[in-house]
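The paragraphs after it are meant to be read with the model open beside them.

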Amino acid sequence: MVKRKVSLFIQCLVDSMFPHVGEAMVTVFDRLGIPLDYPSGQTCCGQPSFNAGYQREARKAALHFIELFEDCEDIVCPSGSCVSMVRNHYPELFKDSPKMQERARAVGKRCYEFSEYLVDQLGVSDSGATFKRKVTYHDSCHLYRSLGIDRQPRVLLNNVKGLEFVEMKDSTQCCGFGGTFSVNYPEISTALVDEKIKNILASGADVVCGCDMSCLMNIKGRLSRLGETVEVAHLAEILAGSEK
Amino acid sequence: MNKSFYRENAKKAIADDKLQAAIDLIQDRLGKGILNLWKEKPEMDELRNRVKAAKNKNLKNLDILLAQLADSVEARGGHVFFAETAEEARLYTIELAKRRHVKLVVKGKSMLSAEIKIDQALVDAGIEHWETDLGEYLVQLDEDIPSHIIAPAVHMNREHIGDLLAKRIGMPLSYDPPTLTLAARKALRRKFLKADMGITGCNIAIAETGQVSLVSNEGNIRMAGTMPPIHVALMGMERIVANMQEHKDMLQLLTLGAAMQKISTYVSFNGGPVAEGCPDGPQEFHLIIIDNGRSKILADETFSEILNCIRCGACLNVCPVYGKIGGHSYNRATCSGPIGAVIEPLLNGINAQADLCKGETLCGACLKACPVKNDIPRMLLALREKLAYGDEKWAVEQQNPLEELAFRGVGAAMVSPGLWHTGEKVVRAIMKKKPHQNNMVTAMSGPGRAWTEDRDLPPIAEKSFARLWKEKLENRPLPAEKKEGSSAKDEGEEK
């Protein structure tokens with residue numbers, strides 16, 4: 001069977017702050033023998049503007065994205081919220097133009113979140129990784145509630161050699177990031193991330209894993225400020241692990 | 001940043017351990033309960049969709065249904081008054097009370113009565129009034145406002161209540177819930193026996209039969225609607241179903257959403273004064289059907305969905321933000337939580353309630369919990385759009401022109417990769433000059449300052465992924481092709 005080519009959709013946050021997460025994805029796909037490309041000219045899917053109410057700006061970003069990616073076979077992104085933006089919100093942004101809406105839908109249909117793509121599209125449950133740590137998992141909001149993805153990351157984690165998986169309490173509770181919310185209402189955001197961290201620490205895990213760097217940046221930023229030693233890792237980083 | 005009432009109150013609420021413990025309790029039990037119910041009983045989905053469809057249909061036929069309801073109520077000997085504004089509803093009630101020389105009013109729990117500010121109107125008219133729902137009664141004694149749609153006194157613990165009742169109704173100090181409840185009950189019974197008028201809300205009005213149904217667990221609403229000689233029911237104009245079958249469906253969702261009950265302890269059907277063969281009830285029944293801004297919401301297809309709300313409060317019980325800031329932080333609006341964040345701006349001004357529109361994380365838990373699947377996150381986004389650009393129809397002034405400028409700048413970069421990566425370089429250079437600890441930036445200025453008040457910020461990487469791809473990844477040596485299936489096990493092994 002000819003393997004479909006995967007085009008990497010590396011969201012802005014990973015591109016600029018966490019490029020190693022993108023590299024980890026490359027490692028995982030290489031191990032699985034999946035052909036890759038990276039359409040150049042990627043910027044941001046427009047979600048920050050969209051969530052703050054700036055839909056005109058979001059629409060422009062969406063158009064840029066669609067033009068860049070519409071000839072790709074499969075599009076895979078290491079972020080649930082960015083995929084939810086493309087899949088669920090792009091068509092809404094173009095509701096006044098049936099033609100554009102159709103183009104948005106077509107791209108959205110081929111746009112997958114990383115763990116979803118591995119498990120549901122490629123049928124992978126064991127990525128071949130080794131990671132000898134105790135890991136807990138944070139369900140990010142849009143991944144879990146808008147895309148309905150919660151089983152896939154757990155399947156992948158549970159099949160990593162050496163990894164001990166523990167659930168935390170209220171893993172699906174929001175970490176308090178919420179884009180501009182985190183800087184407009186920092187006291188509420190902090191109260192939420194503190195509760196998340198309380199649950200992470202109570203799980204006894206050494207590493208908190210997630211599929212959205214925005215949440216993980218929030219959690220990591222607060223852990224760092226509190227002087228906690230629990231590490232954060234994107235799922236791709238763990239799946240890329242090969243320590244013996 | 002301007003002083004924000006929302007933020008100031010949020011801070012206080014977050015620091016209030018008693019409040020936090022109380023909200024945790026209700027969210028743990030009811031919030032998780034409703035989410036689990038929908039998850040574990042997917043067959044309930046059919047009921048939820050059926051109710052939503054009925055509500056949508058009824059909103060489309062609202063004029064016809066309301067006319068039918070009015071006819072049915074009048075046929076039962078009741079009176080119907082359509083109030084376009086809160087003021088009209090207040091005037092009607094007060095004039096009626098004055099005409100009948102009403103001195104004491106007992107109230108059944110009603111959010112709408114708070115919305116139209118009937119209490120102050122009664123006070124101004126020299127009419128004594130008492131809330132009879134235990135939680136509302138406590139809140140009234142405390143001269144406060146409710147902090148939850150169905151659990152108005154959730155912010156009080158038993159010590160608070162014991163002290164309050166000792167002070168206000170003169171009972172011996174006790175912190176024993178049954179003792180406290182009995183004392184309140186005794187005090188309330190005296191009010192019921194003396195009351196000249198009962199004012200209640202309306203959970204669901206049934207057009208076909210001309211009845212309003214009222215739901216309670218304490219029986220107080222039944223007494224408020226039957227013991228005094230006059231019963232005034234306040235009804236939001238959208239709270240209507242066509243017939244008893246629709247009523248049954250909606251009632252089920254209401255009591256499940258509100259308290260995980262298959263049915264509440266009391267469901268009362270009030271539909272007119274005493275009549276032959278029907279000796280229990282008031283001498284007079286008045287139904288006030290209130291618009292107060294609802295027509296405007298109905299006329300806007302972006303927001304009309306919110307009129308499907310059955311006011312069960314389930315969204316409050318799952319909202320992480322409500323869970324931290326409590327009901328009083330929402331600018332002390334009638335409705336708090338996710339439903340309040342949408343309905344209050346629409347009823348009371350989007351600019352005035354901007355913090356309610358923007359103060360959520362858009363996590364989507366409310367949408368999952370809502371028995372009628374109201375897409376609250378979608379409506380919050382639509383409200384934010386009005387604040388972002390201004391809006392004539394809703395008379396919204398652009399909230400922050402500078403912010404728009406910033407988003408336009410970033411927006412321009414989003415469609416120009418060159419500009420985008422230049423921006424990245426600039427931010428990297430700025431961040432490099434900021435204090436660091438353990439490879440994290442500890443103090444930012446500008447928009448990042450709020451972030452680093454409580455959190456550290458990872459720096460911009462030396463090389464972006466785009467650059468890494470170009471420099472090394474694009475032409476990386478590929479690992480030897482693995483045999484098909486050697487690393488991928490069957491999915492059957494999943495947990």
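In this predicted model, chain B is divided into domain 1, which covers residues 43–292, and domain 2, which covers residues 401–473. If you take the centres of these two domains of chain B over their C-alpha atoms, you find that 54 Å separate them.

Chain B also holds an open sheet of six strands, and if you walk across this sheet you meet the strands in the order β1-β10-β7-β4-β2-β3, with parallel pairing. At the two edges lie β1 (79–83) and β3 (128–131) of chain B, each of which pairs on one side only, and from one strand to the next the twist averages 20 degrees. As a general point, the strands of a sheet pair through backbone hydrogen bonds, and they may do so either parallel or antiparallel. For one pair inside the sheet of chain B, consider strand β2 (residues 104–107) and strand β4 (residues 197–200), which run parallel and are joined by three bridges. Within this pairing, B:Val105 has B:Met197 of β4(B) as its bridge partner.

Turning now to chain A, you will find that this chain, too, is divided into two domains, with domain 1 spanning 6–120 and domain 2 spanning 125–239. The centres of these two domains of chain A, taken over C-alpha atoms, are separated by 21 Å, and 27 residues of domain 1 are in contact with 25 residues of domain 2. On the side of domain 1 of chain A that touches domain 2, the elements that give two or more residues are α1 (12–16), α2 (19–31), α3 (47–52), α5 and α7 (114–121) of chain A. Sorted by class, this side of domain 1 has 15 nonpolar, eight polar and four charged residues.

Chain A has an open sheet of four strands, whose order is β2-β1-β3-β4 and whose pairing is parallel. The edge strands here are β2 (36–37) and β4 (111–113) of chain A, each pairing on one side only. Strand β3 (residues 74–77) of chain A runs parallel to β4(A) and is joined to β4(A) by three bridges, and A:Ile75 stands opposite A:Cys111 in β4(A). Two helices lie across β3 and β4 of chain A: α5(A) runs at about 155 degrees to β4(A), while α7(A) runs at about 100 degrees to β4(A).

How do the helices of chain A meet one another? Two packed helices are described by the angle between their axes and the distance between the axes. Helix α4 (residues 55–69) of chain A packs against helix α5 (residues 80–93) of chain A at an angle of about 115 degrees, with the axes 10 Å apart. An angle from 65 to 115 degrees counts as roughly perpendicular, and α4(A) and α5(A) are therefore roughly perpendicular to each other. Their crossing is left-handed, and in it A:Gln55, A:Ala58, A:Arg59, A:Ala62 and A:Phe65 of α4(A) meet A:Val86, A:Tyr90 and A:Leu93 of α5(A). The residues of this contact divide into six nonpolar, one polar and one charged.

Helix α4(A) has a further partner in helix α6 (residues 98–109) of chain A, since the axes of α4(A) and α6(A) come within 10 Å and cross at roughly 60 degrees, which makes α4(A) oblique to α6(A). The crossing of α4(A) with α6(A) is left-handed, and the contact is made by A:Ala62, A:Ile66 and A:Phe69 of α4(A) together with A:Arg103, A:Ala104 and A:Val107 of α6(A). By class, this contact has five nonpolar, no polar and one charged residues.

Finally, consider where the two chains touch: the contact takes 62 residues from chain B and 63 residues from chain A. Several helices of chain B each supply at least two residues of its side, among them α1 (5–15), α19 (376–389) and α20 (401–414), and the largest share, six residues, comes from α20(B). By class, the side of chain B that touches chain A has 32 nonpolar, seven polar and 23 charged residues.

Methods. Residues are numbered from 1 along each chain as its sequence is written. Chains are lettered from A and ligands numbered from 1 in the order in which they are written. This is a predicted model: local features need pLDDT of at least 70, side-chain atom pairs count only at pLDDT 80 or more; totals for chains, interfaces and linings use all residues. Two strands pair if DSSP finds at least two bridges between them. Axes are lines fitted to C-alpha atoms, for helices over the stretch in contact, and angles run from 0 to 180 degrees between N-to-C directions. Angles under 35 degrees count as roughly parallel, over 145 as roughly antiparallel, 65 to 115 as roughly perpendicular and the rest as oblique. A crossing is left-handed if the near helix is turned anticlockwise from the far one by less than a right angle, and right-handed if clockwise. Two residues are in contact if their C-beta atoms, placed from the backbone, lie within 7 Å. Ala, Val, Leu, Ile, Met, Phe, Trp, Tyr, Cys and Pro count as nonpolar, Asp, Glu, Lys and Arg as charged, and the others, Gly among them, as polar. Domain bounds come from an automatic or database domain assignment.
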